[in-house]
Amino acid sequence: MEHYTMNLTLKVWKQKNANERGRFETYQVKNVSSEMSFLEMFDVLNEQLIAEGKEPIAFDHDCREGICGMCSMYINGRAHGPWHHTTTCQLHMREYKDGDTIVVEPWRANAFPVIKDLVVDRQSFDRIIQAGGYVSVNTGNAVDANAIPIEKHMADEAFASAACIGCGACVAACPNASAMLFVSAKVSHLSMLPQGSPERKERVMNMVNQMDKEGFGNCTNIGACEAECPKGISLENIARLNREYLGAMFDGGSQNAK
Amino acid sequence: MALNSKIPAGLLEEKWEKYKSTCKLVNPANKRQLEVIVIGTGLAGASAAAALGELGYKVKTFCFQDSPRRAHSIAAQGGINAAKNYQNDGDSTYRLFYDTVKGGDYRAREANVYRLASVSANIIDQCVAQGVPFAREYGGLLSNRSFGGTQVQRTFYAAGQTGQQLLIGAYQALERQVALGNVTQYSRHEMLDVVMIDGKARGVIVRNLVTGELERHFGHAVLLCSGGYGNVFYLSTNAMGSNVTAAWKAHKKGAFFGNPCYTQIHPTCIPVSGDHQSKLTLMSESLRNDGRIWVPKAKGDNRKPNDIPEEERDYYLERRYPAFGNLVPRDVASRAAKERCDAGYGVGASKQAVYLDYAAAVQRYGKIEVSKQGIANADAATITKLGKEVVKEKYGNLFEMYEKITGENPYEVPMRIYPAVHYTMGGLWVDYELQTTIPGLYALGEANFSDHGANRLGASALMQGLADGYFVIPYTMGNYLADDIRTKSIPTDHPAFVEAENAVRDRINQLMNIKGTESVESFHKRLGKIMWDKCGMARNEKGLKEAIAEIQALRKEFWSNVRIPGEVNEYNPELDKANRVADFIELGELMCIDALNRNESCGGHFREEYQTEDGEALRQDDQYMYVAAWEYKGESNFELHKEDLNYEVVHPSARSYK
C-alpha cells in the first residue's frame, strides 16, 4: 500500500458532562500517516493537546479489533464513518487525503446520554438484555451438546444475528433513534434456536417493553441501521421481531410478560 | 510462609470428583447472607458471577468498560477446546490433559490441568444450552477444527468470533441474575485496592470512572477475574484498557505472584506499521490449519511474494517440524519466525515479517468443491473461485480484518505476519481451590497462574476461564465460606475501609500533583520498549539486569515528571491510565527479576544461554521444576517462594514436535 502523510482539520464535539451544553471545537492535526487507524489519529491529537497543556478529547475504545463494540464515533454524518461493515477502530486513515476536514460527534440519542465529549452511556442496552435476552438455564443443567441437533442453516442464521456487538451504531444512525435492530438481533438469535424456544413469547414482549421504557424511538423502516451496522446485521431481523411480537400478542404469550 | 497447594490426595482422575463429594457446603438460606465481589466480567468473571448468583449468593460485579459484555475475552477468535471426542479421532480427558501439560513444557500443576480437562466437556454442553451458536455440520451436530500442539480435532468454534459468542452467553446468564436481583453490576468502575480485615480479604475500594468518586464495597470473598498483563509490553493483542492493577494491588497486600515471566508471544499477528501503532491485531491460530508459513530461501529477496517460485520458498515450520508442521505450539512457531527474521530472511518493508499463504488451501478446497459439485474438466479459474469461496466461509471475517488494517487482499497476496505479545501464563499464585495466599481472595482465568505452565495451547484460555467460573469456584468458594456463615456483613465505615480508601485517595492526589512534562502514554511506550527488547521473545542475563536498572530509573522519572491533565472528580481517562501504568512499571521489574532467576528455557520463557544445538528450549528440570511465587516486601524487593511440581502421571521429557 502506498504510504503518505496528511494534515487535517478536525471539528470535534466537546461536552464537559451530561449537564453542560456541548459545542464543536476545531483542531489541526499534522503529519497523520495513511497507515494509522482513525483512533490512532486521535491518540496523536490527544498527545499533542496534552503537550500543549490542554485537555484531551474523551472517547470510548477498548479492543481496537472491531469486536468489543466500545468505540462509537459519528464521523462526517455517519456512524463509525464511511467504510462498510467497519467499526471506528478499524477505519484507517488511507480513506482521507491531505487538507480534509472531518467532523466527529458522539452517538446522539435520548437513551444514550453523553458522559463526556464523545463518550455516551449505553447501559440501556444492558437493561434490555436483562428484560429477557437470555435462555433461563442454570449452570450444570445442560444435556450433552450433540443431543440438540440444529439444522446448519438455522444455526448459521442464529449466528449471523448473534454477531451483533452492541455498539449502538444502529441507534445513532436512525433518525428516530430506534433500537429495533439491536433488539431484533437478540430476539432472532434466541428464537431461531430450540434452546430459546420455550421463552420466546415472554422474551419478545419484555424486551420490546423495556426498549420503549428506555426512550428509544420507533422503527419506520428507513434502513439506516442496516446500512451502518458494522457487523452486517440484516433488516430481516426486524421483520422477524415483528412476527414474533405479533405472534406473542395474539397467542396470549404476553401473560407472563412483565 | 510455606506454600500449600491443597492438592487432594488420591489418584489423579479421582481428585476432583472426591473433592466435590467431600467439600463443605453452604445451605441456601446462608448463601443469601453471603456477599461476593467479582472484579472483571470476561469469561471467568461473568461465568463465576452468573453461577454464584444462580446458587443464591449476593454478588456484585465490577468492570472498567461500559458494559460487562465488552471484556477482552470477546476478542478471542479461534475456538475452545473440549475433550468430547466427537470426531472419533482418539481424544479423551487424559489426552487433553497430557497435551496441555506437554504444551506448557512441564511447568503446570498436574491436578489442576486434569480437572480442567475433565470439566471441558461440561463447558460445551453449558454453552450450547445457553444458545451459543457454535459452528455445525450439515447433520446438525457440532463441528470441530484443529489447533496448535495437538493431533486431534477438539476445538469448537463460532466462525472467527468464538470469544464473543461465549462471552455473550456468559453475559446473558449474568444479566439474567441481575434481573433476578442476585447480582448488582457496576460498569465503568475500577478496583484500586483490596480491603483486609483480620488477615482476610473483606472488600474493595473502587473508583467510579465517570464521577471520579471512590466507593467502598464489602464482600465475604473477593474474586479477581481481571485478565492478564500483556499490556506491560505496551504493544500487545490485549485491549487498550487491559491492565494488571487489580492483581497488582492484591499482590502488594500479600498475594504471591506466580511465574510472572511466562509470557505468550503469539506467532500470527499483523506486523507493526510505524511508531503511531497503539496495539497489535491477532490473526487467529486457526489460520495455521490451512495456511502455510514461509520466507524466501534467499536473504533479502525483495521480489513480490507471488513472483517467488515454489522451489525458492522455505516452509521453515514444515521443514523443521514435519510431525506438526504449521501446527506447532505458539512458542515454537514464534521463535522460528524470529530466528528467520533475525537471520535476514524477513519480508515486507520492515523485514520483520513472514508470509502466511493461502494459495495452496484455495487450490485444495477448490478441487474438492469441483468434485463435490460434479463439474467435469473444471478450468483453473473455476477451481480458484470455488476454493476462495470455501476459504471465505471458514475465515472470511479474519481476511476482511486483515484487509482493513493493511489495505492488502489476502485472497490474492500472502498475509504478512509477525509474533506479538498475546497472553500471560503467569499471574496471581493460587492453590487447587483458586485461592491466593490471602484467605478469601481468589483469582480466576488469565489473572491466575495455574493451568498453562510456561506456554498455553491455542483455544485453552476460553476453556480455562469458563472452567474456573462455571465449574470450579462454585465448589471451592463454598468450601471456604461454609466456615464464614456467622460473619455478618461488615459495615464499610470500619477503620480498614477508611484507611484503604485514604491510601487510594492519597496516591491519586500524588499522581495529579506531579504536574510534570511527559504524558502517561510516553512512559508506557518507554516501558514497553524495555520489556520487548530485554524481556521479550528471547532473554539473557545481561539484558535482564540492564532492564531492571532501566525500569527502576523509569519509575523514578514517572513519579516526578508525569503529566496528567484534567481533574480528579470527573471522567478522566488519562488518570485511569496513569494508575495502570504506575503498576505496570512495578510489575515489569518483577517480570525481569523472575526471568533472571529462571536459568533455563521453558515454553514462552526463552533464555538464550539455555538452548539446544538446533535452537530449541532447554529446560533444567533438576533445578527449576518449580513455580516461582513472589512475595512483595517493599519497593523493588520481592522474596521468592518455591512450589515444587511433582509429576506423578506424566513423565517430563524434552518436548518434541519434530
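Two strands are taken to pair if DSSP finds at least two bridges between them. In the predicted model described here, strand β20 of chain B, residues 626–632, is joined to β21(B) by seven bridges, the two strands running antiparallel, and within this pairing B:A629 has B:H641 of β21(B) as its bridge partner. Both strands belong to an open, antiparallel sheet of four strands in chain B, ordered β16-β10-β20-β21. Because β16 (427–428) and β21 (638–644) of chain B each have a single partner strand, they form the edges of the sheet, and one side of each is left without a neighbour there. Helix α17 of chain B, residues 573–597, packs on this sheet through contacts with β10 (257–258), β20 and β21 of chain B, its direction making about 145° with that of β20(B).

A second open sheet in chain B comprises five strands paired in parallel, in the order β5-β2-β1-β9-β17. Its edges are β5 (183–186) and β17 (441–443) of chain B, each of which has a single partner strand and therefore one side without a neighbour in the sheet. Strand β9 of chain B, residues 221–224, pairs with β17(B) in the parallel sense over three bridges, with B:V222 standing opposite B:L441 of β17(B). Helix α7 of chain B (245–252) packs on the sheet, touching β1 (35–39), β9 and β17 of chain B at about 130° to the direction of β9(B), while helix α13 of chain B (461–481) touches β9 and β17 of chain B at about 150° to β9(B).

The contact between the chains takes 68 residues from chain A and 66 residues from chain B. On the side of chain A that touches chain B, α1(A) gives the largest share, six residues.

Conventions
Residues numbered from 1 in each chain as written. Chains lettered and ligands numbered in written order. Predicted model: local features only at pLDDT ≥ 70, side-chain atom pairs only at ≥ 80, totals over all residues. Contact = placed C-beta atoms within 7 Å. Axes fitted to C-alpha atoms, helices over the stretch in contact; angles between N-to-C directions.
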